[in-house]
Amino acid sequence: MRDQIVAGNWKMNNDQIQTETLLERLKTYEIPNKVRVMVAPSFTQLSQSKQLLNGSSIKVAAQNMSAAPSGAYTGEVSAGMLKGIGVQIVILGHSERRALFHETDVHLAEKVKAALASDMEVIFCFGEELEDRKAKAHFDVVEKQLKNALFDLETSAWKKIILAYEPVWAIGTGETASPQQAQEMHAHIRNLILNQYNPSVADEVSILYGGSVKPNNAKEIFSGADVDGGLIGGASLDAEDFMAIVNAF
Ligand code: PEP
């Protein structure tokens with residue numbers, strides 16, 4: 001049985017005080033046993049978040065990571081540095097990293113390998129742009145993103161991979177893929193993995209949906225047979241909304 005996961009991507013939000021306020025609120029909720037819950041604060045709040053969540057089942061993820069282990073990479077943070085403060089999960093390939101910081105599939109393949117070499121879990125984000133969907137190229141675009149960044153991994157590496165399908169046109173826009181569009185794409189993704197690997201890898205990998213998931217649409221989106229949870233941006237900044245989504249399975 002694969003994991004059901006809800007991960008909150010805080011992006012560049014929540015300073016020291018806001019982090020404490022939000023995490024203290026999240027800690028007052030009971031987390032359903034069957035759901036893995038994660039939050040991804042900024043680098044500067046990772047240690048604080050780890051401390052505040054000590055004893056809670058909510059896990060802390062980083063939003064990005066360098067492919068390099070150390071050296072002359074001003075402003076970057078390595079897998080070893082994250083592991084050193086107990087962070088074992090990293091989001092890679094978010095569409096904002098791809099669009100604003102020019103991260104390509106080639107960079108991302110390197111980052112994924114570096115994270116896995118440090119035994120970290122990776123939430124790998126990918127998804128098509130609006131023009132791709134309009135041109136009916138969305139299945140091909142997603143296939144290429146997965147092939148370029150992940151399909152030369154060993155079978156065993158997939159234990160540490162969580163996929164997050166995030167159609168770019170639905171991120172932060174208030175527009176979501178319909179539950180049918182999400183399920184259709186997730187089934188396609190699982191099938192690609194089946195063809196490249198084997199039934200157990202395909203069955204066991206969790207595929208999250210991301211793009212304007214809110215308390216009022218989460219249940220329907222998560223009802224898709226191949227939708228195993230969500231990567232949540234805006235709604236993860238509000239404890240009540242985030243926990244409503246955590247409880248939407
Ligand atoms: C995201 O940033 O990954 C995301 C899905 O954002 P939002 O939920 O705000 O669309």
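1. The shell around the ligand is made up of four nonpolar, eight polar and two charged residues. The model is a predicted one, and every value in this note was computed from it.

2. Which residues come nearest to the ligand? Of the 14 residues around it, they are Lys11, Glu166, Gly172, Ser212 and Gly234.

3. His94 has a polar side-chain atom 2.9 Å from a ligand oxygen. For Asn9, the distance from a polar side-chain atom to an oxygen atom of the ligand is 3.4 Å.

4. How much of the ligand does the protein bury? On its own the ligand would expose 290 Å², and 98% of that is buried by the protein.

5. Away from the ligand, look at the nonpolar cores. The largest nonpolar core has 69 residues. Those with the most contacts inside this core are Phe124, Leu146, Leu150, Trp158, Leu163, Ile189 and Ile193.

6. Leaving aside residues up to four places away in sequence, Ile193 touches Phe151, Trp158, Leu163, Asn198, Val201, Ala202 and Val205. Two of these neighbours, Trp158 and Leu163, are also on the list of residues with the most contacts inside the largest core.

7. Arg98 and Asp105 form another salt bridge, with 2.9 Å between the closest N and O atoms. Arg98 has a relative accessibility of 16%, so Arg98 counts as buried. Asp105 is at 17%, and therefore Asp105 counts as buried too.

8. The side chains of Glu103 and Lys111 also meet in a salt bridge, at 2.8 Å from N to O. Glu103 counts as buried because its relative accessibility is 7%. Lys111 has a relative accessible area of 6%, so Lys111 is buried as well. In this pair, then, charged side chains meet in a salt bridge and both residues are buried.

Note on methods:
Residues are numbered from 1 along each chain as its sequence is written. This is a predicted model: local features need pLDDT of at least 70, side-chain atom pairs count only at pLDDT 80 or more; totals for chains, interfaces and linings use all residues. Side-chain values use heavy atoms; hydrogens and water are left out. A residue is near a molecule or strand if one of its heavy atoms lies within 4 Å of it. A polar contact is a pair of N or O atoms within 3.5 Å; within protein, one must be able to donate a hydrogen and the other to accept it, and residues adjacent in sequence count only if both atoms are side-chain atoms. Accessible areas come from the Shrake-Rupley method with a 1.4 Å probe; for residues, only the protein chains shown count as cover. Ala, Val, Leu, Ile, Met, Phe, Trp, Tyr, Cys and Pro count as nonpolar, Asp, Glu, Lys and Arg as charged, and the others, Gly among them, as polar. A nonpolar core is a set of buried Ala, Val, Leu, Ile, Met, Phe, Trp, Tyr and Cys residues joined through side-chain atoms within 4.5 Å. Buried means under 20% relative accessible area, exposed over 50%, partly exposed in between (1.4 Å probe, protein chains only). Contact means heavy atoms within 4.5 Å. A salt bridge is a side-chain nitrogen of Lys or Arg within 4 Å of a carboxyl oxygen of Asp or Glu.
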